[in-house]
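I opened this notebook to record what I looked up, entry by entry, in one structure.

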Amino acid sequence: MSIISKDIQKAIQLLTDEQLVAIPTETVYGLAGNIFSEKAIKSIFSTKKRPFFNPLIVHVPSVSSLENIVTHIPKKAKLLADAFWPGSMTMVLKKSSKIPDLITAGKDTVAVRVPNHKVTLELLKQLPFPLAAPSANPFGSISPTKPTHVESYFKDDIKMVLDGGSCTNGIESTIIGFENDEPIIYRLGALALEDIEAVVGKISIKNKKEVSPDAPGMLARHYAPSTKTFLVDDVALEVTKHQGKKIGVLVFNQSLNNDSLTEIILSEEKSMQKAASKLYDSLHELDHLNLDVIIAERFPDNGLGKSINDRLQRATFSL
Ligand code: TXA
Ligand code: MG
């Protein structure tokens, strides 16, 4: 039987019973548990095979819930919260002593977000506790943007995926940390850099790739298909280097018009937003076709293109 269901009451029951439920958000599906249940939080890490040094995002129903989670809200954090929540932005702030160390990997900060999804906002409003929710995929693999993606990863491990349809933004939230009360980008994501700068001015990016980064989702290889994947400027040229192989190509808006390839065009109308929303689903699809190689086209380096390139870079052996 399918574990995909629209029954919010069942989700509430399972979560109250310290079990996990995969929840929809506008970015990607999350693997959610009660932040105050040690049992639930440990099972998030074990289900995902995620190392304990990688802290979790706390999901709350409203900007006002922030006061219970953090001890200090810098002026620019308040501006950002008012501008973008509910939405695809996560902020890392000084944590309240109420937040368990298991959530934050022992750090004195906590990541928090108000997701912009009707079903999950309703769920969060009804629950007496916030939800910790990393993306609902095994550590390192492609994030899920449809209920079926989660089901194929975890049908033997969890009892329910709360069905909220396909994720409209399709890549993870943008993570913003604060140093001396000034915002810094820790992870590029579904909220474009330019939109953030319109609210708080020029902002620096610390989108690190080393082994113990500020935001460990930034490990160099992450969001990765199991098929060998390349990220290039000139897809047609790269194709000529893989003659005789089964090739999948992922392009922004223009077809290569080559029948010997499996091709996915992310947005014929050249919309970065549309491309971002289809990105992971397309990678899932190509990855299931037993291809020898996937060749992805690099996006223009602005707006959401920057975030899409960041994810493709981590999914690939780039040239
Ligand atoms: O869009 C999203 O953010 C999705 C949905 C489900 O909300 N969640 C998500 O979670 O992408 P996850 O666990 O895959 O990525 C969370 C990132 C990790 O890279 C983690 O290192 C970072 O947030 N993070 C969490 N707490 C942190 C902290 N205290 N300081 C710095 N980074 C933190
Ligand atoms: Mg993740």
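Predicted model: local features only at pLDDT ≥ 70, side-chain atom pairs only at ≥ 80, totals over all residues.

My entries follow, on aromatic rings, on a strand and on a domain interface.

**Entry 1: aromatic pairs.** I then looked up the accessibility of both residues: Tyr 153 is partly exposed at 23% relative accessibility, whereas Phe 154 is buried at 2%.

I turned next to Phe 252 and Phe 299, whose ring centres are 4.4 Å apart with planes at 35 degrees, so this pair is tilted too. Where in the chain do Phe 252 and Phe 299 lie? I found Phe 252 in the loop between β13 (247-251) and β14 (262-265), and Phe 299 in the loop between β15 (293-297) and α10 (304-315), so that the pair, 47 residues apart, links distant parts of the chain. Phe 252 has a relative accessible area of 5% and is buried, and Phe 299, with 4%, is buried as well.

**Entry 2: strand β13.** I followed the chain back from Phe 252 into β13 and checked how far this strand is covered, finding 5 of its 5 residues buried. Side chains of a regular strand alternate between the two faces of the sheet. In β13 I noted Ile 247, Val 249 and Val 251 pointing one way and Gly 248 and Leu 250 pointing the other, all of them buried.

Which strands pair with β13? I found a parallel pairing with β15 over 4 bridges, in which Leu 250 has Ala 296 as its bridge partner. The pairing of β13 with β14 is also parallel and has 4 bridges, and there Val 249 stands opposite Glu 263.

**Entry 3: the two domains.** I took the division of the chain as domain 1 (4-205) and domain 2 (228-314), and noted a distance of 28 Å between their C-alpha centres. Looking up the contacts, I counted 24 residues of domain 1 against 17 residues of domain 2. The area buried between the domains is about 1,500 Å², with 58% given by carbon and sulfur atoms. On the domain 1 side, Ile 142, Ile 171 and Leu 188 supply 37% of the area buried against domain 2, more than any other three residues.

Last, I looked for charged pairs across this interface and found 2 salt bridges. I also recorded the salt bridge between Lys 146 and Asp 281, in which the closest N and O atoms are 3.0 Å apart.

Definitions and conventions
Residues numbered from 1 in each chain as written. Chains lettered and ligands numbered in written order. Heavy atoms only, no water. Buried < 20%, exposed > 50% of the residue type's maximum accessible area, 1.4 Å probe, protein only. Phe/Tyr/Trp six-rings, centres within 6.5 Å; stacked < 30°, edge-to-face > 60°. Helix = DSSP H or I, 4+ residues; strand = E, 2+ residues; numbered from the N terminus. Pairing = 2+ DSSP bridges. Domains from an automatic or database assignment. Contact = heavy atoms within 4.5 Å. Buried area = accessible area lost by both parts, 1.4 Å probe. Salt bridge = Lys/Arg side-chain N within 4 Å of Asp/Glu carboxyl O.
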